Amino acid sequence: MKRFILLKWTLYFLALVLLYRLGGLVAFYVETFSGETAGKDVCVVVVDPGHGGPDPGKVGTRTMGDDTEVLEKDVNLQIARKLKTFLEQGGIQVHMTREEDVDLSSQGGASAGSRKKASDMSARVAMINALKPDLTVSIHQNSFPQQNISGGQIFYHRGSEAGKAAAAILQKAIGELQTENHRQPKANDDYYLLVHTDTPTVIAECGFLTNPEECELLCDEEYQEQLAWKLYMGIVRYLRKR
Ligand SMILES: [Zn+2]
């Protein structure tokens, strides 16, 4: 009898999982193949998880847990993967500059020494310029000497009106999650990715790894999901407004 009940609940559970998956698929097909978004008009977004491989990016410490080191490259990839899932479920074509803990230097020509970073960056730019996406979102985490500094901020190229518009929408979207964050999107004219990409690009600094509370949040799966959801909502709003 017990075994039968267990089987029954297992079947219920499997049916629920199936329904959930099916729901995502239906949403995907409705968005992708209906009305104006059919065929070639599908939006393309590049998600760029900053750093990777030998380049850890900023480094923080989890002070509330077991004092483990937090590497920006890992947090970037975790958030980027979640964002990719949301975008795909929304019928948007997504390309990631990296899917694993690697850098792209070997694809950019040079593979050793100080040229490695430059090579990694030029490979990312080459990939983005070849794809000609509607928007590129580069995911990063920030750091600052003072621990109390917190809050995400979106950067765009000073000369890009589209980048400016996307940054404003994405800043507002993450502000819905980070309710104490009153930062404004910021223009920049020397970030490599912003300068060298031909299509609209924004850099999403999601928060500060040097702020103990924010570092905990940025490492938390649920918070990462909420953040990815807000970024997704911002991207969709931008794509619709253009
Ligand atoms: Zn970074």
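Reader: Why is strand 5 called largely enclosed by the rest of the structure?

Author: Eight of the eight residues of strand 5 are buried, so the rest of the structure largely encloses this strand. Buried means that 20 or more other C-beta atoms lie within 10 Å of a residue's own; 12 or fewer makes it exposed, anything in between partly exposed, with C-beta atoms placed from the backbone. Strands here are DSSP runs of E, at least two residues long, and helices are runs of H or I, at least four long, both numbered from the N terminus. Residues are numbered from 1 along each chain as its sequence is written. The model is predicted, so local features need pLDDT of at least 70 and side-chain atom pairs 80 or more, while totals for chains, interfaces and linings use all residues.

Reader: How do you know that both faces of strand 5 are covered?

Author: Look at each side in turn. L135, V137, I139 and Q141 on one side are buried.

Reader: What makes strand 1 and strand 5 a pair?

Author: Two strands pair if DSSP finds at least two bridges between them. Strand 1 and strand 5 have five bridges and run parallel. V46 has T136 of strand 5 as its bridge partner. On to strand 8: six bridges join strand 5 to it, again in the parallel sense. There, T136 stands opposite T201.

Reader: What makes strand 4 and strand 7 edge strands?

Author: The open sheet has six strands in the order 4-1-5-8-6-7, with mixed pairing. Strand 4 (93–96) and strand 7 (186–188) each pair on one side only, which puts them at the edges. From one strand to the next, the twist averages 25 degrees. Strand 4 pairs with strand 1 (residues 44–49) over four bridges, in the parallel sense. V47 stands opposite M96 of strand 4.

Reader: How do you know that helix 4 packs on the sheet?

Author: Helix 4 (residues 161–175) touches strand 5 (135–142), strand 6 (153–157) and strand 8 (201–208). Contact means C-beta atoms, placed from the backbone, within 7 Å. Its direction makes about 175 degrees with that of strand 6. Angles run from 0 to 180 degrees between N-to-C directions, and axes are lines fitted to C-alpha atoms, for helices over the stretch in contact. Helix 6 (residues 212–219) packs on the sheet as well, touching strand 5 and strand 8.

Reader: Which residues meet where helix 4 contacts helix 7?

Author: Helix 4 brings A165, A166, I169, L170, A173 and I174. Helix 7 brings L227, K230, L231, M233, G234, R237 and Y238. By class, that contact has ten nonpolar, one polar and two charged residues. Ala, Val, Leu, Ile, Met, Phe, Trp, Tyr, Cys and Pro count as nonpolar; Asp, Glu, Lys and Arg as charged; the others, Gly among them, as polar. Helix 4 and helix 7 (residues 221–241) pack at about 145 degrees, with axes 8 Å apart.

Reader: Why is H51 called buried?

Author: H51 has 25 other C-beta atoms within 10 Å, so it counts as buried. H51 lies in the loop between strand 1 and strand 2 (59–61). Not counting residues up to four places away in sequence, H51 touches P56, G57, E72, K73 and N76. The C-alpha atoms of H51 and D74 are 8.8 Å apart, although 23 residues separate them along the chain.

Terms used:
Contact = placed C-beta atoms within 7 Å.
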